[in-house]
Structure formats: C-alpha cells, structure tokens
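Here are some notes for a first reading of the structure. Please keep the 3D view open and find each residue as it comes up.

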Amino acid sequence: MALFGRGSGNWLTSAAGRRLLPEGWLSGPMPWVIAIMMFLMVLAAAAGLALGFAARGLDSHLSGQITVQIVDADQARRDATADRIVATLGKQPGVAAVRRISDGEITELLRPWLGAGLADNDLPVPAMIDVAFVPGADGAQRAAEAAVLALGPRARIDDHAQWLAPLAGLIASLRWLAAVLVLLMAAAAAFTVVLAARSALNTHQATIDVMHHLGSTDAQIAQLFQRRIATDALFGGMVGLLLASLVIFAVGDRIARVGSDLIGSVDLPLAAWGMLALLPLAGTLLATLAARATIILALRRRL
Amino acid sequence: MRPGAANIVQFENVGLRYGSGAETLSDLSFGLAAGAFYFLTGPSGAGKSSLLRLIYLAQRPSRGLIRMFGEDVVTLPRARMPGFRRRIGTVFQDFRLIPHLSAYENIALPLRVNGVAEADIDTPVREMLEWVGLSGRAYARPATLSGGEQQRVAIARAVIGRPEILVADEPTGNVDPDMAGRLLYLFEALNKLGTTILVATHDLHLIPRVHHAQTIRLDNGRLDNGRLDNGRLEAAPR
C-alpha cells in the first residue's frame with residue numbers, strides 16, 4: 001500500500017480529491033506550530049552538529065600529541081637534554097613529528113604573563129618539545145614517554161588528550177542534550193499531527209461516513225488527510241528552517257568576531273547544512289506517517 | 001438446491017440489539033431474490049432502518065447469519081467490507097450528499113472510489129444526470145437544490161456504479177406524490193436492468209404502483225406476514 005499511492009486512490013491526489021475536504025491548505029494553526037517546532041529543532045540540531053564537528057576537530061588536532069617540558073636551571077644541560085630527546089624521538093616508530101619549540105615562540109607564549117623583557121633576564125624557561133604520533137600507532141606514545149623519562153628523569157610530559165578530557169566530556173554532554181531536544185521536538189511535532197488528524201476526522205465525519213458507505217478503503221480516506229497534513233508540515237518545516245538558518249548565520253557571525261580559536265572551531269560545514277536541510281523533509285515524512293497511522297487506527301474502530 | 005442459494009441476500013434467525021437494550025430486530029429469516037423488487041413496510045420503530053443498516057453493512061447483527069452475494073457477511077473481515085459495499089447502492093433518508101461538492105461530483109464519487117479513470121467518468125455522470133432530470137443542475141451544490149432534487153442526486157449516486165442491490169430508506173418521504181411516482185419509475189427502470197431493489201417506505205399507496213413488487217412487513221422487529229391495507233397478499237418472505 002503506497003503512502004501516496006496510485007492504483008485506485010490516484011484521484012485522491014487530483015483536484016477532485018482535494019475538493020472532498022473543503023478548507024484550503026494552511027487553514028489551521030498546524031503549519032505554524034510545525035514551523036515553530038522545526039525552528040527549535042533546527043537550532044538544536046545545528047548546535048549538536050557544530051559541537052560534533054568541533055569535537056572531531058579537537059580530537060584530530062590535539063589528541064595523539066604530547067608536549068615535553070625539560071625544566072633545568074642550567075641552560076646548557078637543558079638544551080643538551082632537549083636535543084637528545086628530539087633526536088631519540090625522531091627515530092621512534094609511530095612518532096609522526098618532533099619539534100622543539102623555539103625560544104622566540106616561548107617568549108611570545110609567556111609575554112602576557114611575564115612581559116616583553118623575558119629574553120633579557122635570567123629567569124629559567126623550560127625547553128619544550130611538541131611530539132605528534134601517527135594516528136592508530138598503539139603503544140607509540142607509551143614508548144616515547146619511557147624514552148623521554150630515560151633521557152631526562154625530571155622532564156614533564158603533558159598529554160593533550162588528558163587536559164582536553166573535561167572539555168571533550170562537556171561537548172559530548174551538550175551533543176547528547178541537542179540530540180534529545182531534537183527527538184523531543186520530533187515527538188511533539190508528531191503528537192501535534194496526531195491531534196490535528198483526530199480533529200480533522202471529527203470535522204469531516206459526515207464525509208468519511210459517506211465515503212465508507214460508497215466502498216472507500218481506509219487507505220483511500222487516510223490518503224485524503226495525509227496529503228493535506230504533509231503539505232502543511234512541509235510548509236511549516238521550510239519556514240522553520242529558513243528562520244533558524246537566519247539565526248545560525250547571525251550567531252556564526254558573532255562567534256567569528258570573538259576571535260577565539262577554541263570557540264571559532266564551533267562551525268557548520270556544508271555537510272551539516274545538508275543535514276539541516278533534510279530536517280523539514282524528515283519532518284514531513286514523520287507527519288505523513290503519524291497522520292496515516294492515526295487515521296487508519298481511528299477508522300479501524302468502525303465497521 | 002440449498003435453500004436460499006439463489007438469493008442475493010439471505011437472513012437466518014438474525015437478531016439485532018443495540019447495547020444492552022431489548023432486541024430491535026428478532027428472529028428474521030428471509031431471502032431477497034436477485035433481480036426482484038421489494039418494499040419494506042411497517043410502522044415507525046418497527047426496525048426498518050435497522051434492517052437496512054444490516055443490509056448496507058453499516059452494522060453487524062447481534063446473532064444469526066446474513067449471507068450476501070453468497071458469502072457470510074457477519075464474519076466478513078473488515079478489510080473486505082469496501083468491496084462488498086461497492087456492490088450495494090444506498091439511498092439514505094437524509095440523502096447524505098457531501099455539501100461542498102456539486103451534484104456532478106457527488107454522483108461521480110462512487111466511480112472515483114472504485115478506481116474508474118477520470119476520462120471514463122464524465123459520460124456516465126452526465127447520463128445519470130440526464131436520467132434523473134438534473135442535467136441543468138450539474139454544478140449546483142446540495143444546499144441550492146430542492147428536497148426532490150437532492151433525493152434524485154442521492155439516487156443517481158447510489159445507482160451509477162450499477163450495484164447488484166439498491167437499498168433505499170424512505171426515498172419518497174421528502175417529495176410530493178408526483179415526484180414519488182417519478183422516483184419509483186427510476187427504481188423500476190434500474191430493476192429492469194437486473195438490480196435487486198429494496199425500498200423501505202411508510203407510504204402504502206406506493207406499493208400497488210410497482211406491479212411485480214413483493215412486500216416485507218416488519219412489526220416490532222419481527223416479520224409480519226399478514227395482509228396489507230391494499231388487500232394484496234404479500235409474497236412469502238422466503
């Protein structure tokens with residue numbers, strides 16, 4: 001049984017079929033209720049998708065990396081240890097890149113706290129080495145850490161993934177929250193459609209009775225209503241998507257102006273927009289199925 | 001031949017009760033022969049409309065057996081009901097025309113429900129409008145039609161699908177005697193084409209006007225096989 005079937009029901013989608021239900025489309029509040037729900041659903045989905053892409057970006061950029069700090073007041077010994085560690089790690093299997101951070105970069109990093117005169121005083125600054133591992137190279141990080149500690153027992157090792165874990169956990173929680181919100185909105189939209197379908201059944205009771213007496217099947221009668229509801233849901237969905245898109249663009253513009261690398265990583269790539277654009281279509285399909293199920297279940301209670 | 005096998009409708013010990021009240025119909029056993037013409041008479045409250053509801057499949061009986069078109073319709077699966085209903089034409093006492101559709105579209109409805117292609121709808125609908133004398137009112141809505149015109153639209157809608165049996169509930173109740181005679185003429189014409197006709201009526205004067213018609217009289221929910229006021233012996237109801 002086709003959802004928008006042909007067969008004996010094809011006239012129901014024609015002008016003659018549409019005239020069976022007298023009021024035109026967009027005649028009730030349902031399209032606007034759907035528009036509001038789709039607006040909220042798209043915003044929640046956009047937030048979830050943006051956080052998802054941000055989390056993936058954080059994961060690819062920062063996980064599988066460590067920073068080695070060699071703290072030694074004696075600069076010559078510190079440099080020698082750093083050079084040995086760079087040379088040793090460069091030969092380690094599973095290590096993608098080893099780079100000693102230059103004194104200039106460290107000075108720039110510390111400038112907000114220690115001012116511009118760092119290079120002119122005797123304040124000992126640790127040597128820092130960034131190490132990146134080949135993705136999926138199991139055990140490479142452990143081996144590297146062991147080698148570092150063997151060469152410089154007083155070296156400190158910062159695992160980027162470790163200090164990013166709380167942030168990753170927060171992002172994961174927010175993504176779940178966004179997913180739950182999308183599901184709740186979808187459920188609310190489905191319930192709205194169920195109420196609208198029941199109301200339509202009551203309004204058109206006399207027409208349905210006549211149709212039944214003339215030999216209409218439940219599917220034919222359901223098709224009359226589901227087509228109308230699908231049209232309203234599609235309109236409401238597109239309006240909601242449009243309004244939500246405007247809000248997302250505005251929020252994106254604000255985020256870009258913040259200038260933070262971390263916040264700036266919260267972005268919506270083209271694929272995410274594609275997914276958001278599918279939401280009104282998914283909503284229309286959901287509304288159509290909900291309407292059909294409601295009407296057919298109601299009709300089955302009759303002879 | 002098995003009793004009742006040639007009948008298009010066969011009732012055996014049928015009873016109908018609404019809710020927990022007394023039986024509205026009791027112990028009905030009769031048959032309607034294919035191609036025959038019947039009047040169903042009886043006083044108000046005798047159960048005529050309830051009997052018709054059983055025949056046009058708007059109701060299942062509380063007990064007994066009803067066979068239509070050779071099949072038991074009491075236990076007929078609901079999914080098969082539409083196919084059976086398409087073989088039954090029904091003229092309701094209150095017409096039940098769809099108010100926002102024109103006379104033309106009301107009459108075309110059974111054909112569309114039955115899956116007839118749009119290209120094949122216009123000719124039979126126009127013929128039917130001609131047959132009931134409403135060619136000039138094809139696009140009028142029911143609210144703008146007189147009671148008699150609405151009745152004729154209802155009859156045209158009931159017969160356009162060439163049903164095997166036509167069930168009419170007080171079809172002359174809202175029309176003047178002249179129009180009642182014309183409606184009976186329409187029913188006779190359809191009967192000559194082979195359709196079984198069952199007309200429920202209070203108006204006993206109608207009965208002698210259809211010479212070959214048989215009469216079923218209901219009283220207090222039971223069959224009454226006595227004589228009618230016009231003195232003509234009614235046919236044995238089976």
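This is a predicted model: local features need pLDDT of at least 70, side-chain atom pairs count only at pLDDT 80 or more; totals for chains, interfaces and linings use all residues.

1. Start where the chains meet. On the chain B side, 22 residues are in contact with 17 residues of chain A. At least two of the chain B residues come from helix H2 (81-85), and at least two from helix H3 (103-113). H3(B) gives the most to this side, with 5 residues. By type, the chain B residues that touch chain A divide into 9 nonpolar, 5 polar and 8 charged.

2. H3(B) also packs against another helix of chain B, H5 (residues 147-159), and the axes of the two are 7 Å apart. How are they oriented? The angle between H3(B) and H5(B) is about 25°. Angles under 35 degrees count as roughly parallel, so H3(B) is roughly parallel to H5(B). Their crossing is right-handed.

3. Which residues make this helix contact? From H3(B) come Ala103(B), Asn106(B), Ile107(B), Leu109(B) and Pro110(B), and they meet Val153(B), Ala156(B) and Arg157(B) of H5(B). The residues of this contact divide into 6 nonpolar, 1 polar and 1 charged.

4. Now turn to chain A, where Arg228(A) lies in helix H8 (residues 218-258). Is Arg228(A) buried or exposed? Arg228(A) has 23 other C-beta atoms within 10 Å, so it is buried, the cut-off being 20 or more.

5. Finally, compare sequence with space for one pair. Arg228(A) and Ala293(A) are 65 residues apart in sequence, while their C-alpha atoms are 15 Å apart in space.

How values were computed. Residues are numbered from 1 along each chain as its sequence is written. Chains are lettered from A and ligands numbered from 1 in the order in which they are written. Helices (H or I, at least four residues) and strands (E, at least two) are DSSP runs, numbered from the N terminus. A residue is buried if 20 or more other C-beta atoms lie within 10 Å of its own, exposed if 12 or fewer, and partly exposed in between; C-beta atoms are placed from the backbone. Two residues are in contact if their C-beta atoms, placed from the backbone, lie within 7 Å. Ala, Val, Leu, Ile, Met, Phe, Trp, Tyr, Cys and Pro count as nonpolar, Asp, Glu, Lys and Arg as charged, and the others, Gly among them, as polar. Axes are lines fitted to C-alpha atoms, for helices over the stretch in contact, and angles run from 0 to 180 degrees between N-to-C directions. Angles under 35 degrees count as roughly parallel, over 145 as roughly antiparallel, 65 to 115 as roughly perpendicular and the rest as oblique. A crossing is left-handed if the near helix is turned anticlockwise from the far one by less than a right angle, and right-handed if clockwise.
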